[in-house]
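Here is a short report on one protein chain. Keep the structure open beside the text as you read.

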Amino acid sequence: MKLNEIRTFIAVADAQSVQEAGNRLGLTQSAVSRLIQRLEAELGVVLFDRQTKPLALTRDGELALAHARRILAATCDFADAFAGSVEPRGLLRLGVAHVLTALAAGRPLDDLRAGFPGLALRLHSDWSNPLIEQVRAGMLDGGLILMCEEQTPPDDLPARRIAAQAVSIVASPDHSDGADLASMNERGWVLQPNGCRYREALQQALAPLGLQPNVTVEAYDQSLLVSLVARGVGFGLAPMGLIAPIPGAALLRPVDLPDFRMSVTIWLIQSRTTGRIAPVFDRLEEALRRELAAGRTVSPAAEQFAILHSAAE
């Protein structure tokens with residue numbers, strides 16, 4: 001059974017004439033007749049009462065017509081789902097590096113939801129290297145990853161460079177200038193677990209001093225890390241622009257040390273088979289660039305945190 005047979009059957013039923021159906025389809029009368037006969041043979045029923053004029057459906061023909069219309073409508077929907085003008089729909093599986101969750105889950109996420117209401121987003125947080133492998137394996141449609149400045153994503157994945165960010169040592173509001181890397185290490189660090197690129201860079205900076213990072217608290221949660229640093233539990237490492245959306249980040253003081261320099265780049269990578277959801281990545285890229293270009297903004301939650309912190313002191 002072929003779609004052209006079903007399409008021809010519907011045309012004859014609507015026109016109530018083999019000749020008129022042929023005119024509408026651009027087929028000869030004999031070609032239309034052959035297609036109808038072939039369909040009748042495949043179904044094992046007679047679809048038209050050929051003794052009537054205009055041509056009338058038999059009881060089996062009426063039942064077949066209802067099914068035929070549904071089949072044709074379904075095939076149209078199937079084709080439309082992959083038409084370039086159709087709004088992307090369905091599930092978007094997006095991986096986000098741990099340190100980028102505050103950036104991605106803010107206004108860029110709201111912008112995607114507003115632009116594509118038929119899209120459901122599933123966010124997955126992990127380190128950048130595992131995210132790359134998950135995108136490559138097709139487990140994720142795309143990922144927002146962080147790489148050292150001199151690194152680039154694998155060549156086999158479409159990638160967009162979003163921005164570069166300097167990584168700062170961050171301290172509590174009451175930190176006084178004059179500390180060096182060794183004395184900071186003695187006091188301790190508040191960092192993410194092993195696998196964090198910042199932590200690896202700190203380890204490399206401490207190695208010439210014969211030191212290993214003295215980590216007092218480690219956690220994945222960026223909000224918790226910011227809170228701990230603001231309370232003076234230890235020093236942290238973060239790009240100021242990326243932690244800006246986190247409540248309490250406005251309290252932190254960046255510390256400039258000549259023996260610690262690090263920059264990272266933010267990349268948006270895609271699966272090789274993203275299909276018709278490419279416009280989603282276009283919009284996400286634009287939203288991320290706008291968010292980063294807006295610079296540091298103190299959210300109402302951050303202002304409230306600052307007020308409470310000052311009152312406690």
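Ile-269 sits in strand 12. The model is predicted. In it, Ile-269 has 0% relative accessibility, so this residue counts as buried. Along the chain, Ile-269 and Pro-153 are 116 residues apart. In space, their C-alpha atoms are 7.8 Å apart. Leaving aside residues up to four places away in sequence, Ile-269 touches Ile-132, Val-135, Gly-142, Gly-143, Ile-145, Pro-153, Leu-157, Pro-158, Ala-159 and Phe-281.

Strand 12 covers residues 263-270, and Thr-265 belongs to it. Is Thr-265 buried or exposed? Its relative accessibility is 0%, so Thr-265 counts as buried. The side chain of Thr-265 has a polar contact of 2.9 Å with the side chain of Trp-267. Beyond residues up to four places away in sequence, the contacts of Thr-265 include Ile-145, Leu-146, Met-147, Cys-148, Glu-149 and Gln-151. Arg-161, Ala-163 and Ala-164 are also touched by Thr-265.

**Gln-151 in its loop**

Gln-151 lies in the loop that links strand 5 (142-148) and strand 6 (159-166). With 30% relative accessibility, Gln-151 counts as partly exposed. Setting aside residues up to four places away in sequence, Gln-151 touches Arg-197, Thr-265 and Trp-267. The side chains of Gln-151 and Arg-197 make a polar contact at 3.4 Å. Gln-151 and Val-264 are 113 residues apart along the chain, with 8.9 Å between their C-alpha atoms.

**Cysteines**

How many disulfides does a search of the whole structure find? The count is zero. Cys-148 takes part in no disulfide, and the nearest cysteine sulfur is that of Cys-196, 9.8 Å away. A disulfide is a covalent bond between the sulfur atoms of two cysteines. The cut-off used here is 2.5 Å between the sulfur atoms. Cys-148 is buried, at 18% relative accessible area. Cys-196 is also buried, at 5% relative accessibility.

**Burial of the residues discussed**

| Residue | Relative accessibility | Class |
|---|---|---|
| Ile-269 | 0% | buried |
| Thr-265 | 0% | buried |
| Cys-196 | 5% | buried |
| Glu-291 | 14% | buried |
| Cys-148 | 18% | buried |
| Gln-151 | 30% | partly exposed |

**Glu-291**

Glu-291 is part of helix 12, residues 278-293. Why does Glu-291 count as buried? Its relative accessibility is 14%, and buried means under 20%. Apart from residues up to four places away in sequence, Glu-291 touches Leu-103, Arg-107 and Pro-108.

**Helix 10**

Seven of the nine residues of helix 10 are buried, so this helix is largely enclosed by the rest of the structure. The buried ones are Gln-222, Leu-225, Val-226, Ser-227, Leu-228, Val-229 and Ala-230. At the N-terminal end, Asp-221 caps helix 10. A side-chain oxygen of Asp-221 lies 2.8 Å from the backbone nitrogen of Ser-223. Just after helix 10 comes Gly-232, with a positive phi of about 85 degrees.

**The cavity**

A search of the whole structure finds one cavity of 30 Å³ or more. The largest cavity has a volume of about 140 Å³. It is lined by 16 residues, and those closest to its centre are Val-190, Gln-222, Leu-225, Leu-237 and Ala-238. Strand 8 (189-191), helix 10 (222-230) and strand 10 (236-238) are the elements that each give two or more residues to this lining. Which element gives the most to the lining of the largest cavity? Helix 10 does, with four residues. By type, the lining holds 13 nonpolar residues, three polar and no charged.

**The chain as a whole**

The chain has 13 helices and 12 strands. Of its 313 residues, 45% are buried. Consider the contacts between residues at least 6 apart in sequence: 77% of them join residues at least 24 apart.

Technical notes: Residues numbered from 1 in each chain as written. Predicted model: local features only at pLDDT ≥ 70, side-chain atom pairs only at ≥ 80, totals over all residues. Heavy atoms only, no water. Buried < 20%, exposed > 50% of the residue type's maximum accessible area, 1.4 Å probe, protein only. Contact = heavy atoms within 4.5 Å. 1 Å grid on protein atoms, 1.4 Å probe; cavity = no way out; pocket = protein on both sides within 12 Å on 5 of 7 lines; lining within 4 Å. Points joined across faces, edges and corners; volume = space filled by probe spheres on them. Nonpolar A, V, L, I, M, F, W, Y, C, P; charged D, E, K, R; others polar. Polar contact = N/O pair within 3.5 Å; in protein donor to acceptor, adjacent residues only side chain to side chain.
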